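Biologist: Can you take me through how the parts of this chain sit against each other? Start with the contact surface, please.

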Amino acid sequence: MTLSLPGFADPVADAQACFRAVLTAMSRPGTPQRITSPLTPPAPLGIAAAAVLLTLVDGDTSLYLADHFANAADWLRFHCGTDPSPDRTTAGFVLADSLPDLATLAQGSDEAPQDSATLLLPVESLTAGARFTLRGPGLQAPTPLAVTGLPPDFAARWAANHAQFPRGIDLILCAGDTLVALPRSLSLGEA
Amino acid sequence: MTTISGYNFAYLDEQTKRMIRRALLKAVAIPGHQIPFGSREMPLPYGWGTGGIQITAAILGADDVLKVIDQGADDTTNAVSIRRFFAKTAGVATTTRTDAATVIQTRHRIPEAPLTENQILVYQVPQPEPLVKLEPSRAETRRMHALAEYGAMHVRLYEDITRYGQVAISYDYPVMVNDRYLMAPSPIPAFDNPKLHQMPALQLFGAGREKRIYAIPPYTNVRSLDFEDHPFRAGRAPHACGLCGADTSYLDEVVVDNAGGRLFVCSDTDYCETRRDAGHVGEAA
Amino acid sequence: MAYVAVKGGERAIDNAHAWLAEARRGNPAVPDLTLAQIQQQMGRAVDRVMAEGALYDPELAALAIKQAQGDLIEAAFLLRAYRTTLPRFGYAAPVDTAAMALRRRISAVYKDLPGGQLLGPTYDYTHRLLDFLLAAGATPPPAAEAAEPAAAMPRVADILAQEGLIETHTDTGTEPGDLTREPLAFPAGRDIRLQALARGDEGFLLAMGYSTQRGWGGSHPFVGELRVGEVTVEITPPELGFAIDIGDITLTECALVNQFKGSKTVPPQFTSGYGLTFGHAERKAMGMALVDRAMRAEELGEDATAPAQNIEFVLYHSDNIEGTGFVEHLKLPHYVDFQSELEAIRRMREDTK
């Protein structure tokens with residue numbers, strides 16, 4: 001039973017540390033951030049994805065879980081105080097096991113672009129694999145990123161998301177205890 | 001960990017912090033766009049920096065070193081009061097040294113010393129809406145931002161130029177962030193505007209009473225509105241600091257006697273002290 | 001003489017607070033006020049602070065009044081700041097004001113009505129003569145008591161509704177918004193508007209309501225009913241699954257009846273403005289009802305030209321905690337901005353020479 005697994009050991013300090021990691025990741029796209037708080041989430045949920053959910057999700061937000069993570073639903077229900085939503089198209093947070101069609105997630109409106117989804121996507125590696133070059137706010141110079149686990153047409157799909165700025169989703173890639181954030185403001189090219 | 005009983009670390013409850021943290025992340029993802037948030041009544045009044053305080057409370061960790069300035073000075077009463085609030089509720093270390101701080105909360109100034117990638121600058125914002133003097137309705141300004149309909153602001157600035165030969169806004173001078181959103185930089189003097197551009201530190205803006213949060217990520221383009229034939233120019237008093245001799249810093253004008261005597265001194269007290277410690281001497285020192 | 005930058009903010013604050021505490025206490029030879037005295041003998045102040053502080057707790061309101069030296073806006077602020085981070089255990093069911101245990105209930109539109117007029121403890125017909133016996137500390141003679149407590153009385157709006165002469169509102173089943181969690185957004189529904197007004201400043205609501213009577217968005221109001229009394233608050237804890245009574249609160253409710261000429265789709269009928277506030281606060285409830293009705297102008301197809309009919313204007317300026325903060329923050333130092341204005345004005349004068 002996954003419920004027996006604890007959440008953050010120190011809910012206040014660990015959530016703060018995780019938040020700062022995500023804030024830094026979002027502010028400096030492509031720069032990997034490590035979650036250092038000890039955490040034993042139920043499989044197949046990884047440490048970084050679990051920490052982000054514990055930090056940001058509660059009863060005031062909606063979370064969509066891909067079926068792949070059904071085993072973690074009770075754990076999240078207990079520690080986040082939220083019932084996973086069956087509706088992927090309106091959820092504020094989406095945890096997917098493969099890149100969904102980004103246009104099917106909440107995009108926000110021109111007046112309220114913040115009402116868009118934050119997508120969490122576990123990948124195999126954030127140090128090796130397909131290579132991209134990132135440009136945009138947060139980056140002084142073009143910054144490289146290597147990822148294993150994204151679909152081959154990712155750059156084109158991201159370009160479509162970025163093109164709708166200020167609308168669009170924000171993506172957090174998670175590999176084990178490490179995460180990289182790609183805000184919608186980011187333009188990404190294949191390197 | 002907490003040094004005042006009955007309250008959570010950094011005063012705010014965790015649910016409130018999560019709400020603010022979610023807003024902050026969206027704010028960073030959409031540079032310059034105002035995100036409405038469920039601002040709480042804080043134990044300090046609206047207008048005293050409740051927006052900045054809520055952001056600081058939501059980001060602050062036990063390892064942070066906090067600096068608070070008002071008008072550039074660490075020792076102004078409101079800066080003292082806010083610094084004490086966090087020392088009391090979060091038990092964090094505080095400093096007056098710009099280079100020693102990880103989080104700097106400010107009202108009306110950007111420090112003179114360049115900030116680094118390891119710092120976060122939190123602004124207290126009284127009025128987050130840059131279009132407010134042109135259009136008082138928030139329903140309408142929200143629409144104008146959605147359409148990037150900023151012509152009225154350019155017209156307003158141009159009217160200034162035709163009447164006064166220059167733009168007559170000397171603080172809270174509007175900027176374009178990332179070539180998309182018109183943004184109020186809070187009432188910093190226009191002198192500070194160039195520092196907003198491509199700053200290595202993350203800049204977060206909180207307006208408590210107006211219930212808005214916005215952000216400028218590090219290394220983001222921030223352009224003060226201007227015209228090709230009338231480029232933006234930032235003013236400062238044409239003097240050197242009387243204490244440290246600095247001739248590029250922003251100066252306060254102090255009336256020193258009843259005969260109209262004036263002394264000009266750095267508004268950034270840490271900058272001034274650091275220079276004096278390094279042996280720089282002004283004419284009045 | 002060498003100039004020394006102003007220092008001593010820390011000490012100045014400590015000294016100011018110590019002086020404030022001393023001034024608050026006043027002459028120590030005079031007995032200290034007790035919270036019970038404030039609660040019992042300054043009930044209207046306690047009620048106002050609970051309403052504007054958005055927290056029903058007479059004892060804490062009394063403490064806030066004492067701490068604020070009787071500055072009621074400051075006291076409401078103390079309550080707001082206290083309530084804002086309290087955890088939420090659940091949400092109460094809507095209270096039933098028709099079942100109110102009444103201490104006062106009047107209607108200006110009927111001479112008599114089921115349940116009758118119940119004058120209750122009102123200042124309405126007192127002669128405003130300073131009572132020097134009160135100054136001397138006289139104990140009032142006991143008031144006459146009814147043989148039995150007033151029975152629940154039907155609401156006047158329900159009586160009018162039986163004939164179909166007044167608009168009716170059906171429960172749409174949607175959850176009302178929560179201003180304390182979500183910032184104001186426009187268009188703001190009536191749920192949000194009433195919530196804002198219930199916390200709004202009594203003086204502001206009085207002035208805005210008054211302006212509608214003087215022609216700035218007139219809506220021809222009658223007091224259908226004003227009632228004051230106690231209602232029961234119930235919550236349903238999920239683990240129990242049934243409602244439990246968690247206590248009684250005092251409320252003042254005002255239902256205005258307003259003329260309405262009708263529109264293409266709606267026959268002529270009466271419309272209503274509604275006011276509800278914590279405690280015994282008739283002026284507040286009536287001002288609220290006037291302003292509520294005024295803000296419905298656009299919905300009812302009337303010209304919305306007066307300040308009280310401008311929803312954004314009213315809602316953004318009704319909160320005295322926000323208002324007092326922003327007005328009073330002008331006391332904070334602004335010398336950096338002022339300096340930039342000084343330089344700008346000198347430069348402009350230079351340029352025009």
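Modeller: Domain 1 of chain C and domain 2 of chain C bury about 1,400 Å² between them, with 55% of it on carbon and sulfur atoms. Keep in mind that this is a predicted model.

Biologist: Which residues of domain 1 of chain C lose the most area to domain 2 of chain C?

Modeller: Glu52(C), Tyr56(C) and Arg80(C), which together account for 40% of what the domain 1 side buries.

Biologist: Where do the domains of chain C run?

Modeller: Domain 1 covers 17-83 of chain C, and domain 2 is made up of 97-121 + 149-169 + 178-325. The C-alpha centres of the two domains of chain C are 27 Å apart.

Biologist: And how many residues are in contact?

Modeller: 14 residues of domain 1 of chain C are in contact with 20 residues of domain 2 of chain C.

Biologist: Switching to charges, how many salt bridges cross that interface?

Modeller: Two salt bridges are found between domain 1 and domain 2 of chain C. Arg48(C) and Asp201(C) meet through their side chains in a salt bridge, at 3.1 Å from N to O. There are also nine residue pairs in polar contact between the two domains of chain C.

Biologist: Which helix supplies the largest share of the domain 1 side?

Modeller: α3(C), with six residues. Both α3 (43-53) and α5 (72-83) of chain C supply at least two residues each to that side.

Methods: Residues numbered from 1 in each chain as written. Chains lettered and ligands numbered in written order. Predicted model: local features only at pLDDT ≥ 70, side-chain atom pairs only at ≥ 80, totals over all residues. Heavy atoms only, no water. Domains from an automatic or database assignment. Contact = heavy atoms within 4.5 Å. Buried area = accessible area lost by both parts, 1.4 Å probe. Salt bridge = Lys/Arg side-chain N within 4 Å of Asp/Glu carboxyl O. Polar contact = N/O pair within 3.5 Å; in protein donor to acceptor, adjacent residues only side chain to side chain. Helix = DSSP H or I, 4+ residues; strand = E, 2+ residues; numbered from the N terminus.
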